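Here are a few friendly notes to read alongside the model. Please keep the sequence and the 3D view open as you go.

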Amino acid sequence: MAALSTHSLVSQKHESEDTLVRIVPVQDLIRQFPATRYYGSKKKLLPWMFDNLKSLDFQTVLDAFGGTASVSLLFRAMRKEVTFHDSFQFNVDVAQTLLSNLPLPDRREVEDTLAVISQCEGLITRKFANVFFKAEENQWLDGFMRHMRDADVSEEIGAMYRYLLYQACLKKRPYNLFHRANLSLRTNTQVKRSFGNLATWEKSFTDHMLEAYDELAHMDAALGPAAKILEPGDAADIKSGYDLVYLDPPYVSERSSVNLDNYWRRYHFLEGLASYEAWEEKIQDQSKTKEMVQPAHFRNWSRASSFKEQLFELIEAHKSSIVALSYVTNAFPTQEEITAEFERHFNQVSVHSTQHNHALSRTKKRELLFIGLPK
């Protein structure tokens, strides 16, 4: 069979003995990817990234800071062999759901499963009263987790249901984050709000989960091979050897030595849901948000004192591969420092930029994409 173009996909469906071949442009596939509410998500930038990556010669790719898998989905749409890695267990659930070729359960089956969830008092009800969700919502979450523990479902189906729950939890949160105990932003009806949507916040977990399921079902089947998904951990520990390594690390502001609202603080609640049975023993009761103890590598990637060294060591470790680094202006280290580091290790270096402002940032920034071709 002739090699597939990176500009389009060939999807084959067998009906009796006839083979139907569909050619689907990558840009069309991107528009079908599920929505993400993750801070720093690259989903809106995927068409721009594709334009800058499509001419590169590679087949195997490591997405080292995979997040909610938007860029891994792009690489799958380009028919690449993807290896996904992230530091969060909940993002591993996301990757297992989005990056496999496993069929979805029927929608009626999902509806029936969610219909039998009954409220109960458990860890979330006890520990998170008046923190993120209302009392009856906490009880529903505990009921859901109890049902999934007792249900006879595969690991993959369990990950899919948790994926649906993560999307629902994000939509029901002001700012889609868990860094503050700010339930009052929802419940105080006397406050004039310039953000959020009260109707969305008040919609049930079930309704939000079914909407997330519909987004999954809408995604075209014409993607490349299923991704390999690594265990969560520190990106610095991943062995080299990929044709292309894509890096999208957390950023440290040039005006602050520490990213106080790092990804751990923003999403610790979802990480707790991903490891519900072991969650309680890790919670710090003195924390207003009941945050779990933060792993050392999260702290190291959030501090200027260690971030630059770790980033440059990671770039050097993969210097035999094509390295593509997503970054932003007004961050530490500077664009000039990163360019110089790329020029130390790579034969050809290009820097691409586009305007892209994060929803919660008041500072105008440009998105940067550094690409280094090995010597």
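1. In which loop does P333 lie? P333 sits in the loop between strand 9 (331–332) and helix 15 (335–345). Helices (H or I, at least four residues) and strands (E, at least two) are DSSP runs, numbered from the N terminus. The peptide bond that joins F332 and P333 is cis, with omega about 0°.

2. A word on the source before going further. This is a predicted model, in which local features need pLDDT of at least 70 and side-chain atom pairs count only at pLDDT 80 or more, while totals for chains, interfaces and linings use all residues. Residues are numbered from 1 along each chain as its sequence is written, and side-chain values use heavy atoms, with hydrogens and water left out.

3. Have a look at K290, in the loop between helix 12 (263–274) and helix 13 (296–300). K290 is not a glycine, yet its phi is positive, near 55°. K290 counts as buried, because its relative accessibility is 17%; buried means under 20% relative accessible area, exposed over 50%, and partly exposed in between (1.4 Å probe, protein chains only).

4. N330 is another residue to check: its phi is positive, about 60°, although N330 is not a glycine. You will find N330 in the loop between strand 8 (322–328) and strand 9. With 29% relative accessibility, N330 counts as partly exposed.

5. Now to the aromatic rings. Rings of Phe, Tyr and Trp (its six-membered ring) pair if their centres lie within 6.5 Å; planes under 30 degrees apart count as stacked, over 60 as edge-to-face and the rest as tilted. The count by this rule is 30 aromatic pairs. One of them joins F132 and F269, and it is edge-to-face because the planes stand at 75°, with the ring centres 5.4 Å apart. This pair links distant parts of the chain, 137 residues apart: F132 is in the loop between helix 6 (123–127) and helix 7 (135–150), and F269 is in helix 12. F132 is buried at 1% relative accessibility, and F269 is buried at 0%.

6. F342 and F346 make a tilted pair, 5.2 Å centre to centre with 35° between the planes. Both F342 and F346 are buried.

7. Which residues do ring pairs link into a cluster? The cluster includes F128, F132, F133, W140 and F269.

8. Finally, K80 lies over the face of F58, 4.4 Å from the ring centre. A charge sits over a ring if NZ of Lys or CZ of Arg is within 6 Å of the ring centre and within 35 degrees of the ring normal. R266 lies over the face of Y263, at 5.4 Å from the ring centre.
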